[in-house]
Amino acid sequence: MTIGVLGGGQLGRMIALAGYPLGLRFLFVDPSEDPCAGRVAPVVKQHYMDAQGVQERLRQLQVVTYEFENVDADSPWLAGDVDVYPPVEALRVTQDRLLEKRCFRELGIETPTFTPVDSDSELQGSLSRIGLPCVLKTRRFGYDGKGQSVIRTVDDAAEIEIHAACILESFVQFDRELSIIAVRGKNGETAFYPLVENEHRNGILYKSISPSPNVSKSVQSLAEDYARRVMEKLDYVGVLAIEFFQYGERLLANEMAPRVHNSGHFSIEGSDTSQFENHLRAITGLPLGSTGERGLSCMINLVGSIPDIDKVLAIPGAHLHLYDKEPRPGRKVGHITVVSDSRETLELTVSQVEALVG
Ligand code: AMP
């Protein structure tokens, strides 16, 4: 079976690496020059909206998925006779922060207070309703904190010029950031990984701990219930990630991704079945795999540079994943996962890893 994957970055690369033991083949579509998934599977170098040759290619594929949610939902790759999972509607909702937050609210899922803002005058008018501090975000094409500004004072707001449709949302004084990786099969079967605690630096995920320490059963169930509501509403198939702000026993949904997610990378070594394999099992109609833990995990992203590989590999229990990408400031070039039986050993090993990561 050959699976078409829109987007040829590290997520696609890790999907393919998880799929080979299942006997699956892959064809990536990516307009960029040298996508890192191209080192492990063939790539069609083509813009997602270019229809040239797409119908012939689709005839060779059994299912199409995506590893990148900024693919236009009207792409010809998503409109053939081939099954597309997750469904295109999930892509439409999650690539627009306004539709996404409205979807959460309709399903009774708490979010920060928000309002659409399309012009400078609307921004001024909305400040008193949302309150200060607040965060202005572009509705589309924002990721890793890009396309966002924190507004602390009325003067901050006066300096902003709005050039794209935005949403303004309240700034949440959260206790911490958590995410859930959920998966739903074609037959409606669901599975959930334990909530992960995420630490960001400069708007980019730096570290994820799984299971997150000190999560009550009720908060885990709340996250699973929220994810289930979204997946049922969207008739979802595949892996879904939802990022939350935790505030006491409350979870406020920040955003979701209709794909495998950086905060789920721990699952390659830390779970019985990785998020990548479970995504593939779901979209190909196979039974889902156990999301059980193999220990306590911590994943650290390598952003902008690669540490001394010899030293990393000399740390017992450190698993290195390099994406074969040229290091550049702010670019994710790999990650390291540590899995351990005890919190003490995990923390000790993680501190050894962190000493090597710039
Ligand atoms: P996002 O691109 O929406 O995931 O935002 C990137 C990061 O900015 C989040 O992981 C938070 O650390 C921070 N952030 C985003 N929105 C808010 C908010 N409403 N209140 C507080 N922090 C936020």
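A polar side-chain atom of Asn254 lies 3.1 Å from an oxygen atom of the ligand. The protein buries 90% of the 470 Å² that the ligand exposes when taken alone; accessible areas come from the Shrake-Rupley method with a 1.4 Å probe, and for residues only the protein chains shown count as cover. The model is predicted: local features need pLDDT of at least 70, side-chain atom pairs count only at pLDDT 80 or more, and totals for chains, interfaces and linings use all residues. Residues are numbered from 1 along each chain as its sequence is written, and side-chain values use heavy atoms, with hydrogens and water left out.

Two further side chains approach the ligand. A polar side-chain atom of Arg97 lies 3.0 Å from a ligand oxygen atom. For Glu169, a polar side-chain atom lies 2.9 Å from a ligand nitrogen atom.

The ligand is surrounded by 16 residues, where near means that a heavy atom of the residue lies within 4 Å. The closest are Lys137, Gln148, Ser170, Glu177 and Glu255. The shell divides into 5 nonpolar, 5 polar and 6 charged residues. Here Ala, Val, Leu, Ile, Met, Phe, Trp, Tyr, Cys and Pro count as nonpolar, Asp, Glu, Lys and Arg as charged, and the others, Gly among them, as polar. At least two shell residues come from each of strands E7 (134–138), E9 (166–170), E14 (238–247) and E15 (250–257). Helices (H or I, at least four residues) and strands (E, at least two) are DSSP runs, numbered from the N terminus.

The chain is assigned domain 1 (2–84), domain 2 (113–170) and domain 3 (176–357); the bounds come from an automatic or database domain assignment. Domains 2 and 3 both give residues to the shell, so the ligand lies between them. Their C-alpha centres are 29 Å apart.

Ser263 sits in the loop between E15 and helix H8 (267–270). Ser263 is buried, with a relative accessible area of 1%. Buried means under 20%, exposed over 50%, and partly exposed in between (1.4 Å probe, protein chains only). Polar contacts of 2.8 Å join its side chain to those of Ser179 and His261. Such a contact is a pair of N or O atoms within 3.5 Å; within protein, one must be able to donate a hydrogen and the other to accept it, and residues adjacent in sequence count only if both atoms are side-chain atoms.

Asp120 belongs to helix H5 (residues 120–130). At 37% relative accessibility, Asp120 is partly exposed.
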